[in-house]
Amino acid sequence: MRMADATAMQEAKQMPGCCAALRCYPGWRRRSSLRRRCRGVAVVAVMWIVAALALLVVGMAAGTRADIRAAQVARAEAEASAFGDAAIQLAALEMRTSAEPLRTAAMREYEFEGRPIQVDIRPVEGYIDLNNASDTLLRDLFLIGAGLPQEQAEALAQRVVDWRDPDQMPLPLGAENDAYQAAGSPNLTRGEKLTQPEDLLQILGMTLDVYDKIEHFVTVFGASGVDPKAATPAVLAILAKGNIELASKIAAARDSGDPAIDMTGLEQAHLAAASGNRFRVEARLETDGRLVSRVRWIDFSEPGPFGLPWRTLRVEPPRGITPQPALPPGG
């Protein structure tokens, strides 16, 4: 072996482990090239390690932010539940001890620990009852409230009726169990009342988009018709066949306390009077910079647990408040 080769091999043996594989090449002579290549491998390895650490840090930071936000949302919902329930119970107590039963929509204002809370009280007859409404009222709900075409609105309305009736004889545009099975639906008609508005999602042809448009207009605790003195402006618009001007005029006269309100422009077959027993009570408060709603449906005709002089029919989880237009999408 030449002296130069022997010298190169000796130097290679003294180099870092990243170049240990080069020791098996006795013909290597260029020491400067060897060193440059070793340095290049080391730099690339360091860059990969730095990049991996950077990604790890970014991921941990993003996860921490998500955890913090989730904790803030959970705290806000807990506060909305606690303060909202307190205001709702106080409003219910005032209603229960009042000499005159409440038969119209009303607003109350309370304050807990310096936090203002608004409570909206409406008889359940201010909403369209999915269990008792006629197919024509349900048709107007889907036609005007959801903005569906006439035939689709009529079909969904009749399918709601078929869902809740005990027979297996479908209406002309309705659907009973045979139609559900033919469509491959995992659901069948119930043959009894809906227990919650979300049951609509099991009905053939119902979609989340349609449900989202009508969920604030309906209930399962009401009557066959709607009391315009308790209805929201959006429900009034449905009763007025989409006439926003008429619905706004009636709502303004009602809220101002006008004793003589002209209701002749509303669909008379869809009207009913409030019983004064069941109510939707909604508390609205601000928490963490956003408005949050807490809703309870209450029945004063039956006592509740723990000696309460009313029964809670339904409790809705806290949710952020989205402003609702006076006119439904189909108007």
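How many of the 11 residues of α3 are buried? The count is 8, so α3 is largely enclosed by the rest of the structure. This is a predicted model: local features need pLDDT of at least 70, side-chain atom pairs count only at pLDDT 80 or more, and totals for chains, interfaces and linings use all residues. Residues are numbered from 1 along each chain as its sequence is written, and side-chain values use heavy atoms, with hydrogens and water left out.

**View 1. Helix α3 and its cover.** α3 spans residues 135–145. Helices (H or I, at least four residues) and strands (E, at least two) are DSSP runs, numbered from the N terminus. Its buried residues are Leu137, Leu138, Arg139, Asp140, Leu141, Phe142, Ile144 and Gly145. Buried means under 20% relative accessible area (1.4 Å probe, protein chains only). The cover over these residues includes β3 (128–129), α4, α6, β4 (218–219) and α7. Just after α3, glycine 147 takes a positive phi of about 75°.

**View 2. The largest nonpolar core.** This core has 50 residues. A nonpolar core is a set of buried Ala, Val, Leu, Ile, Met, Phe, Trp, Tyr and Cys residues joined through side-chain atoms within 4.5 Å. Ile128, Leu138, Leu141, Phe142 and Leu200 have the most contacts inside it. α3, α4 (150–164), α6 (208–214), α7 (233–239), α8 and β6 (290–299) each supply at least two of its residues. Apart from it lies another core, of 21 residues, among them Phe83, Ala87, Ile121 and Phe279.

**View 3. Isoleucine 128 and its contacts.** Contact means heavy atoms within 4.5 Å. Leaving aside neighbours within four places in sequence, isoleucine 128 is in contact with residues including Leu137, Leu138, Leu141, Phe217, Val226 and Ile238.

**View 4. Aspartate 120 in strand β2.** Aspartate 120 lies in β2, residues 115–123. Its relative accessibility is 5%, so aspartate 120 counts as buried. Its side chain makes a polar contact with the side chain of arginine 122, at 3.2 Å. A polar contact here is a pair of N or O atoms within 3.5 Å; within protein, one must be able to donate a hydrogen and the other to accept it, and residues adjacent in sequence count only if both atoms are side-chain atoms. Not counting residues up to four places away in sequence, aspartate 120 touches Ala106, Met107, Arg280, Val281, Glu282 and Arg284.
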